[in-house]
Amino acid sequence: MSAQLSPAVTALLKDPELLIPAIAQDALSGEVLMLAYMNTESLALTLETGKATYWSRSRNELWEKGATSGHTQRVHSISLDCDGDALLLKVEQSGSACHTGEQSCFHRDIELAK
């Protein structure tokens, strides 16, 4: 796997050398599914293939969502925030997004103080 971002996309990023937080959101329901990180290569691969590809900080390698689990993400759109340092991927999730088997990684609520 090797892909490069176009100069036009690279120019939009605040710092192309840093990992970019990437929020995956269900394209139909709007549910926030997970937060992962991308580098320029994983973003380029995602743009090229339409399959969500992230940078695994724990394994220190590229990680195509669902490559081993079968719980894939087909990317419908990608938006960059106003500062150029965070991404929003609207995806079609196949299976659960969370490694625990939950649909979303955000399934543990914290109660607010009253």
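This is a predicted model: local features need pLDDT of at least 70, side-chain atom pairs count only at pLDDT 80 or more; totals for chains, interfaces and linings use all residues.

Beyond residues up to four places away in sequence, Thr-40 touches Leu-5, Leu-13 and Pro-16. Between Thr-40 and Val-9, the C-alpha to C-alpha distance is 9.5 Å, with a separation of 31 residues in sequence.

## The four-stranded sheet

Four strands form an open sheet in the order S2-S1-S6-S5, and their pairing is mixed. Strand S2 (32-38) and strand S5 (73-80) lie at the edges, each pairing on one side only. From one strand to the next, the twist averages 25°.

Seven bridges join S5 to strand S6 (residues 87-93) in the antiparallel sense. Opposite Ile-78 stands Leu-89 in S6. Helix H2 packs on the sheet, where it touches S2, S5 and S6; the direction of H2 makes about 120° with that of S5.

## Cysteines without a disulfide

The structure holds zero disulfides. For Cys-98, the nearest cysteine sulfur is that of Cys-105, 3.7 Å away. Because a disulfide requires the two sulfur atoms to be within 2.5 Å, Cys-98 is in no disulfide. Cys-105 is likewise in no disulfide, its nearest cysteine sulfur being that of Cys-98.

The two residues can also be described by accessibility. Cys-98 is buried, at 6% relative accessible area, whereas Cys-105 is partly exposed, at 32%.

Terms used. Residues are numbered from 1 along each chain as its sequence is written. Side-chain values use heavy atoms; hydrogens and water are left out. Buried means under 20% relative accessible area, exposed over 50%, partly exposed in between (1.4 Å probe, protein chains only). Contact means heavy atoms within 4.5 Å. Two strands pair if DSSP finds at least two bridges between them. Helices (H or I, at least four residues) and strands (E, at least two) are DSSP runs, numbered from the N terminus. Axes are lines fitted to C-alpha atoms, for helices over the stretch in contact, and angles run from 0 to 180 degrees between N-to-C directions.
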